[in-house]
Amino acid sequence: MMETVDCNFYDGLMSESAPLSAVEISGLVKTYRGSAGRPPQEALKGINLNIPRGSIFGLLGPNGAGKSTLINILAGLVVKTSGTTKIWGYEVEESPRMARSAIGVVPQELNLDVFFTPRALLDMQAGLYGVPKRERRTDELLEAVGLTSYANAYARTLSGGMRRRLMVAKALVHTPPVLVLDEPTAGVDVEFRQTLWAYVRKLNAAGTTIVLTTHYLEEAQALCDRIAIMNRGEVIVNDTTASLLRRLDKKRLTITLDRDMPDLPENMRTQGWERLAPRRLSLSYRPSQAAVAALLRVVQVNGFVIADLTTEETTLEDIFLQLTHRQEPELKILAQL
Ligand code: ADP
Ligand code: MG
């Protein structure tokens with residue numbers, strides 16, 4: 001079967017023919033065969049995920065969640081067990097060349113041929129993707145990742161952080177409409193983190209869809225417009241960052257009373273107070289909607305004196321931990337948010 005490869009996706013980036021979903025994953029399963037007596041690993045258990053065109057999409061989750069497996073399937077590096085994976089409308093295994101030219105992937109593992117210079121590596125990569133010489137952006141890319149002065153140095157003399165920068169440039173030689181970064185800031189210096197995020201924003205403003213995995217929630221919060229959280233091969237949350245942050249409008253108030261409260265009075269029960277111990281009560285509330293003083297009035301109305309008081313905020317970190325630690329049923333936690 002012949003496929004024609006047209007690398008010039010940018011012409012059609014905003015046109016009607018561009019797909020609404022940059023990536024469309026449905027029922028994706030990956031089971032790694034067990035080896036050396038180990039049982040098979042079900043790394044992806046039927047993932048459904050749409051990544052809207054034009055978004056900066058964060059894929060979060062603890063180690064072993066399946067993020068790299070998913071990304072390596074997108075990159076054509078890992079073969080799925082079942083399901084479909086479309087990049088820019090092209091199914092990865094049915095139209096591998098088209099799918100591959102629509103995506104640039106920076107894998108989690110550093111894999112560079114260290115016997116070449118950054119300039120040579122970028123030129124070779126461009127050649128591999130059939131980018132004509134006059135359309136190559138080698139200098140621009142070296143500049144963008146801050147490697148201009150190392151353009152002709154052997155890659156083996158580059159630090160880990162610089163090699164990661166070079167891998168970002170390498171993923172971009174064919175100007176793909178979708179750029180995927182797997183843990184791009186793990187082990188890189190703070191300075192490059194800033195440079196990289198500025199560059200990612202710039203690419204996104206020009207129309208590139210960005211998918212990134214990270215451990216750093218703050219990073220995802222600052223950068224992504226949508227966040228999916230994975231755990232043990234499943235997507236457990238997929239929402240806009242704004243909406244996830246709205247779920248953070250929640251605080252827990254805990255008070256200690258001057259004496260025992262034998263039963264929770266009805267007027268406190270209806271407000272949502274819970275009795276943790278005879279002298280300890282707690283209440284979840286939305287800081288944007290309730291003032292602490294008003295919530296405490298009911299305690300005084302019932303004739304008790306507050307001896308001590310603490311409040312706790314919910315952070316994105318808490319949501320993450322609550323969702324990925326399974327001691328408690330997830331749905332219960334989700335309902336509380
Ligand atoms: P993450 O990137 O979220 O840390 P991975 O996709 O790397 O997760 O791993 C998901 C699961 O698949 C883990 O249990 C991991 O041990 C397993 N796994 C990953 N790669 C392989 C492989 N090549 N062979 C066997 N098991 C693997
Ligand atoms: Mg990984």
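**Ligand 1 and its surroundings in a predicted model**

Me: Which residue has an N or O atom in its side chain 2.6 Å from an oxygen atom of ligand 1?
Reply: The model is a predicted one. A polar contact requires a pair of N or O atoms within 3.5 Å. An oxygen atom of ligand 1 and a side-chain N or O atom stand 2.6 Å apart, and the residue that supplies the latter is Thr69.

Me: What percentage of the area that ligand 1 exposes when taken alone does the protein bury?
Reply: Taken alone, ligand 1 exposes 560 Å². The residues that surround ligand 1 include Tyr32, Gln41, Pro62 and Asn63.

Me: Which element supplies the largest share of the shell around ligand 1?
Reply: Strand E2 (41-52) and helix H1 (67-74) each contribute at least two residues to this shell. The largest share amounts to 3 residues, and its source is H1.

Me: How far is an oxygen atom of ligand 1 from an N or O atom in the side chain of Lys67?
Reply: Lys67 is one of the residues surrounding ligand 1. A backbone contact also occurs, with a polar atom of Ala65 lying 3.2 Å from an oxygen atom of the ligand. For the side chain of Lys67, the distance is 2.8 Å.

Me: How many residues of the shell around ligand 1 are polar?
Reply: The shell contains 4 nonpolar residues and 1 charged residue. Its polar residues number 6.

Me: Over the ring of which residue does the charged end of Arg259 sit?
Reply: A search of the whole structure gives 0 aromatic pairs. The charged end of Arg259 does sit over a ring, 4.3 Å from its centre, and that ring belongs to Phe304.

Methods
Residues are numbered from 1 along each chain as its sequence is written. Chains are lettered from A and ligands numbered from 1 in the order in which they are written. This is a predicted model: local features need pLDDT of at least 70, side-chain atom pairs count only at pLDDT 80 or more; totals for chains, interfaces and linings use all residues. Side-chain values use heavy atoms; hydrogens and water are left out. A residue is near a molecule or strand if one of its heavy atoms lies within 4 Å of it. A polar contact is a pair of N or O atoms within 3.5 Å; within protein, one must be able to donate a hydrogen and the other to accept it, and residues adjacent in sequence count only if both atoms are side-chain atoms. Accessible areas come from the Shrake-Rupley method with a 1.4 Å probe; for residues, only the protein chains shown count as cover. Helices (H or I, at least four residues) and strands (E, at least two) are DSSP runs, numbered from the N terminus. Ala, Val, Leu, Ile, Met, Phe, Trp, Tyr, Cys and Pro count as nonpolar, Asp, Glu, Lys and Arg as charged, and the others, Gly among them, as polar. Rings of Phe, Tyr and Trp (its six-membered ring) pair if their centres lie within 6.5 Å; planes under 30 degrees apart count as stacked, over 60 as edge-to-face and the rest as tilted. A charge sits over a ring if NZ of Lys or CZ of Arg is within 6 Å of the ring centre and within 35 degrees of the ring normal.
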